[in-house]
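Subject: Structure for your review

Dear colleague,

Please find below the structure that I am handing over to you. My notes on it follow directly after.

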Amino acid sequence: MAALSWLTPSHFIMVGLLVGFAIAHSGLAALRPRGEKLIGARAYRVLFALVSIPFASVLIIYFIIHRYDGAQLWNVQGVPGMFEGVWIASAISFIFLYPATFNLLEIAAVQKPEIHLYETGIIRITRHPQMVGQVLWCIAHTLWLGTTFMLVTSAGLIVHHLFGVWHGDRRWQVKYGDAFLKVKERTSVVPFLAILQGRQELKLLEFVKPAYLGILLFVMGFWWVHPKLIQASQQLTW
């Protein structure tokens, strides 16, 4: 039993939270067509947000509190340039994580939320930018923290987003049919693969958009608020 003394209850609680969030988030996404028919697109987006945002907030806070739980497998925080490297990787991950910022009015349900099929900008690099962003974030933070709790968290997040690749493609194909299959042929899940294979062309001018400026401002703001968020979360006793 002494060999497993590092396996704190927080490991299992995090797995439970991740499974619960995956079921709620992906489940509501799967039920979207039926839900929108029953209560309308805007109301369903509000319902989706009312479930997802509090659940995600609990996950983030619990992660911050327990991020150093378990065994410390490595510690590279003192390595020169590591801190800056993790922040750069995290900043890049946000560019992939939040392509939905292109449709802020739809996110807020001011405009009717839609499932968009497009292959410009970040989609030329990867058809599933949120998955790529999440994997990059997990790699950076796992390297920085080096704990078993971080490994469990990263594994759960990556598995959920890999499922999201299949689930997203399935929902696009149901909605758009052959139009999606043509986009699928010209794009790739693995970043830059379609470009390297000549199936896609990278157009840098497509990245000159206010949304990317918004992401940059968000990263700068998060840099400032990050220590305060950690301090505030650690006051809790979850």
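F12 is exposed, because its relative accessible area is 54% (exposed means over 50%, buried under 20%, and partly exposed in between, with a 1.4 Å probe and protein chains only). This residue is found in helix α1, residues 9–30 (helices are DSSP runs of H or I with at least four residues, numbered from the N terminus). Together with L4, W6 and L7, F12 forms a nonpolar patch on the surface, with about 380 Å² of accessible area in total. Such a patch joins nonpolar side chains (Val, Leu, Ile, Met, Phe, Trp, Tyr) within 5 Å, like charges being joined within 9 Å, and takes residues with over 30% relative accessible area and no salt bridge (a side-chain nitrogen of Lys or Arg within 4 Å of a carboxyl oxygen of Asp or Glu). Areas come from the Shrake-Rupley method with a 1.4 Å probe, and for residues only the protein chains shown count as cover.

Please note that this is a predicted model, in which local features need pLDDT of at least 70, side-chain atom pairs count only at pLDDT 80 or more, and totals for chains, interfaces and linings use all residues. Residues are numbered from 1 along each chain as its sequence is written, and side-chain values use heavy atoms, with hydrogens and water left out.

V19 also lies in α1 and counts as partly exposed, because its relative accessibility is 43%. The C-alpha atoms of V19 and G156 are 7.8 Å apart, although 137 residues separate the two in sequence.

The buried residues of α1 include M14, L17, L18 and F21. The buried residues of this helix pack against α2 (32–39), α3 (41–66) and α8 (148–176). In α3 one finds S52, which counts as buried because its relative accessibility is 9%. Beyond its neighbours within four places in sequence, S52 is in contact with F21 and H25 (contact means heavy atoms within 4.5 Å).

The largest nonpolar core has 21 residues, of which M14, L59, F63 and W137 touch the most other members. At least two residues each come from α1, α3, α4 (82–97), α7 (129–145) and α8, and α7 gives the most, with five. A nonpolar core is a set of buried Ala, Val, Leu, Ile, Met, Phe, Trp, Tyr and Cys residues joined through side-chain atoms within 4.5 Å. Not counting residues up to four places away in sequence, W137 touches F63, S90, S93, M150 and L157.

Yours sincerely
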